Amino acid sequence: MEKRLLKLRVNGEDYEVYVEPWHVLRDVLRHELGLTGTKQGCDTGYCGACTVLIDGKAVKSCVVMARQVQERDIVTVEGLGSDGELDPLQQAFIDKFAIQCGFCTSGMLLSAKALLMENPHPSEDEIKEAIMGNLCRCTGYKKIVEAVQAAAERS
Amino acid sequence: MKPVEFLEPETLEKTCSLLAKYKEEAKLIASGQSLIPMMQQRLFTPKYLISVRNLPGLDYIKEDGDALRIGALTTQRTVETSEVVRRRFPILAEAVHAIGTVQIRNWGTIGGSLAEADPTGDLPPALLALGARVKALSVRGEREVPLDEFFVDYIQTSLELDEVLTEIIVPYLPPNTGGTYIKDVVRAGDTGIVTVAALATLDGKQTVKEARIVLGCQAVTPVRALQAEKAAVGKSAMDDLEDVAEAASQDADPAPDVLGSVEYKTYLAGLRTKQALHTAIDRAKS
């Protein structure tokens, strides 16, 4: 089957690649665009390590067909922060020791980012619900929740 | 994912023609939140995927004369947060809220989820309790299917191989009706152990005139808990509803699995039915 032209807008930049049409978004981001910040965890839409933003909403990119998101704004972890400055969320994760192995971190940051964009001062329960779809095997989640609270307070 | 032909029709009409042409060799893919993992696990290996996620004109929530009409491609998140859904059908807002996690609901569609007819799905019990129906379109025309004729078997609906689900129609509830949806999980975001959708309509004496109780995760399709519904008639907020719980345990028909034994699941079905009915009665009163 032949490759097809795929146009994606990622982190504010327009990309054109030729790929087979059956690829999921995560794989195109990682293998075609070289944006490996988005991780491959469970491959079944469970763990959330592949979370990206599509039009400002958190979505698991391993269960999204790349061809279906051509008209949309995609943000990966590489798109957080600007001009060499970390996003306040990223800084808060560092300050609160919310990162151990780092594998869940990209997804966690984007789920948190989507939450704060919609709800700048979330309650603890709202934070927990927002990261419900992001599994972490290291931290026990407490420091991650604290980091999101800290980021919300700082803005 | 394994190589598969990926077709991208631009209209509903073209979609129906493709389905008519390829029939069992093709599968419609809306958001793919259920289908993609199933294909990764080789549960489905269609030759053609027909992408419908971006078809125009199917993303809406409309208040009609006697029913709410929801387009099949409306995202679950849109339905969950809709003011009119929360006001008219809290049971539906609660059921959609219970689906997966927020990422799934941001991209997943209400029609796609319903057509998948997962026995552990949250939409089927709530919509069945609400007496909803769906519109199905094919090259042969359009028809409406009431949901009590829709769920046939494990992930099988009464849709023909060449039909597309286009709309969900939810009739408005009579006055003095309240409802709720309860989902039991081990961990947030998990598949349900037991789910209950319960609606109760009260008479002038504030006792149950009619109840609709549907159990999910209990069989290969959602189960109307008919004995529990009968036991609910005449009950008020003051009753302990133990016999309704007993009846629901009888109506439940679960298979044992990693989430629980038959005894545990039928006990839970009874307990949650009792609790759901209490809430439904309280909401119906206010």
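**View 1. The open sheet of chain A.** In this predicted model, 5 strands of chain A form an open sheet. Their order is β2-β1-β5-β3-β4. The pairing is mixed. Two strands of chain A sit at the edges: β2, residues 13–19, and β4, residues 57–60. Each of these edge strands pairs on one side only. On average, neighbouring strands of the sheet are turned by 40° against each other, with direction ignored.

**View 2. The β3–β4 pair of chain A.** Strand β3 of chain A covers residues 51–54. β3(A) and β4(A) run antiparallel, and 4 bridges join them. Strands of a sheet pair through backbone hydrogen bonds, either parallel or antiparallel.

**View 3. Helices on the strands of chain A.** Two helices are shown here, α1 and α3 of chain A. Helix α3 of chain A spans residues 105–118. It lies across β3 and β4 of chain A. Its run makes an angle of about 35° to β3(A). Helix α1 of chain A, residues 25–32, packs on the sheet. There α1 touches β1 (4–10) and β2 of chain A. The direction of α1 makes about 100° with that of β2(A).

**View 4. The two domains of chain A.** The domain assignment of chain A gives domain 1 as residues 4–79 and domain 2 as residues 88–154. Their centres, taken over C-alpha atoms, are separated by 21 Å. Across the boundary, 15 residues of domain 1 of chain A are in contact with 13 residues of domain 2 of chain A. On the domain 1 side, the elements that give two or more residues are β3 and β4 of chain A. The residues of this domain 1 side divide into 7 nonpolar, 5 polar and 3 charged.

**View 5. Where chain B touches chain A.** Here 23 residues of chain B are in contact with 24 residues of chain A. Three elements of chain B each supply at least two residues of the chain B side: β1 (5–7), α2 (35–40) and α6 (102–107). The largest share comes from α6(B), with 5 residues. By residue class, the chain B side divides into 11 nonpolar, 9 polar and 3 charged.

Methods: Residues numbered from 1 in each chain as written. Chains lettered and ligands numbered in written order. Predicted model: local features only at pLDDT ≥ 70, side-chain atom pairs only at ≥ 80, totals over all residues. Pairing = 2+ DSSP bridges. Axes fitted to C-alpha atoms, helices over the stretch in contact; angles between N-to-C directions. Contact = placed C-beta atoms within 7 Å. Domains from an automatic or database assignment. Nonpolar A, V, L, I, M, F, W, Y, C, P; charged D, E, K, R; others polar.
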